[in-house]
Amino acid sequence: MVERRWRTSGRALLRVIVVWAVSTLTMLALAGLLPDFQLQSDDGDSITRTAVTAALGAGAFGLLSALVWPVAVRALLLVSALVLGLLVFFLNGSLLLIALWLIPDGRGAADPVTAVVVAAVMSAVASATSTALAVGDDDAYRRRLSRLADRRRRRRGEDGRAGTPGTVFLQLDGVGYEVLRRAAKDGVMPTVAAWMDENHRLTPWRTDWSSQTGAGQLGILHGSNHDVPAFRWYEKDSGRVMVSNRPSSAAELQRRAVERTGDGGLLTVDGASRGNLFSGGADQVALVLSVAVRRGRANRSRAGYFAYFSDPANAVRTAMSFVAEVAREIGQSTRARLRGDRPRIKRGGLYPLIRAFATVVERDVVVAAVMGDMLAGRTAVYADLVAYDEVAHHSGPHSRDASMVLERIDRSLALIAKVADHTPRGYRIVLLSDHGQSPGETFQGAYGLSLKDLVRAGCGLPVSRRAERSKRGAEARDAAGDALRGALHRRVAEGADEHPAPGPGPIVLASGNLALISFPDTSERLSREQIEHRHPALLSTLANHPGIGFLLVRSEEHGSVVLGPGGVEVPVTELADSGPLAVFGRGAADAIRRGDSFPHVADIMVNSMHDPEAGTVHAFEEQIGSHGGLGGEQAQPFLLSPVDLSAPVADGAELVGAEAVHRVLRRWLRECDGPQVPIGPAEASPPDRAP
């Protein structure tokens, strides 16, 4: 312990010396550049004497800033933001003038305007240097938060911890059960591995057909994901496209879930929601999409950014990590291209910035908010860390790039666990995910045309020039032509209209390896017979394509049916985890039946193929790690819970669906004397199913 204290003190002293040296050099450089700023006597000084003067000035300025600044900021909080911004510069300049006045023999001098400029530059350089030295020092960050927490508890007169523990739910977005298990086993996530060995249990669970964050998190936080057929879908009654990560759509989905369940959500009392699509009913929110459309003071979602970046040390720390992450992505994508990695998608343009935002900015803000909630003693916190999901989409879920992100997430988990040692109450940390990811070449990369082009070819509509030029595109048109001639031959023989009136083109929306095809000119869900009357070749073109696993359509004769290659047709009422669904694993039939019951299910639901040996699927968008439908690891997320909480399900039972996960989390909150979540209709949902 003594040795560790000496080591910590030594690092702190070294940081002070380095910052002082850099500040001295900055002051010397500014003295050479600015004519109204001097560090010499009127008769001139030697270089050594000038350097000593700069060192004295930098030291005095740093000491004054450390002593005066905290008191001044507390007083300045009483003024408006605009006036505060001006006063900050004035105060900095004043402190520099005082520091120069303290230099012996009057060797330091500057006019007031120049003093403001010099002070601003020196403050920025000192902050950047100090933060750069601590960018990877999570212990320093933890100690700083701990000191703030101890100070806060002393002001409140709190001596010990509260009797009831709180609960922190950390969602590792897109991390599947197998990915987490392998990462712990291979040493990628040592913190998680230690938890699994010592005091946590790992439980897989199975998603609904729509294996994506919109459906998963809505079900987990609000107890219902009814009528969320995909990440994107078209609603005929309103004529709008719903997108789960669009603020207006997220707000509407949350409203519907609350209306259906009769309660506000998992976090309604003393809860905090951080970095999520939905609030879970929490009063404390930061970076929550469903409340981002609110105006004025009712919208506190963006406050998380302002609260975090109001601390200059946080701002510099995150900015430097952001730049490093952009460089890391450019380097990784360049190496992947030079190696000729397959599958591979384009990762240029704005993507390096988008990745850095997800893996650095959002991570830092959310982790800081969670630690702040813990230090404030909140009863329940739910936060989403999206870094892995973002990188895995573009680099692959089993790639080295994604593994490096898991390493950094593990360090964040360790930091949160260490902060729990200094909180006013004990905390139980639960890790979970909303879905996994399945690897595979994109549909367009594998077959040379997008699903939209294939649909348009099946409808006899023009396709994109790129698809026209591709060999696969020509094959698709030929196949559609053959199917069209065969269908027309059958219909002429049956006395049907040979030339049905063409309607508008269909809307094709992709959600990973699940796609939804809707015809917007009708208010009801089209039947198979109506689709074939309009576009005789479409369904057979899709069902027989090697990149497509199955279709779901409504039949006037048999009700909803699943269509597969070679003319396979199975009514949904007779559907089993065999036949066209055999490769999609247990529970596929039940998942399809539930999705078919949704009011806004599309006219045609398309699920890509799945290779069970390789575990691959074909995403209908530009992703080589995808989720959204059935097939592979995307449908098997996890729960990692402390053993002193009850088991998620009984031995031999299986946890199925996000709504079932919600019921488990509610039970755990009650076990911890957590938020008294109102018991509504969601509590009456069917029990977890046995295999």
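Residues are numbered from 1 along each chain as its sequence is written. Because the model is predicted, local features need pLDDT of at least 70 and side-chain atom pairs count only at pLDDT 80 or more, while totals for chains, interfaces and linings use all residues, and side-chain values use heavy atoms, with hydrogens and water left out.

Strands β12 (residues 507–511) and β13 (residues 514–518) pair in the antiparallel sense over 5 bridges, where pairing requires at least two DSSP bridges between the strands, and strands are DSSP runs of E with at least two residues, helices runs of H or I with at least four, numbered from the N terminus. V508 has I517 as its bridge partner in β13, and in the turn, which holds 2 residues, G512 has a positive phi of about 70°.

Next, helix α21 (residues 588–596) has as its buried residues A588, A589, A591, I592, G595 and D596, buried meaning under 20% relative accessible area, exposed over 50% and partly exposed in between, with a 1.4 Å probe and protein chains only. Seen down the axis of α21, these buried residues fall within an arc of 160°, taken from the directions to the C-beta atoms, so they line one face of the helix.

Finally, the backbone. Most residues other than glycine have a negative phi, and most peptide bonds are trans. Yet D270, partly exposed at 37%, has a positive phi of about 55°, L287, buried at 12%, has one of about 60°, and a cis peptide bond joins R342 and P343, with omega about -5°.
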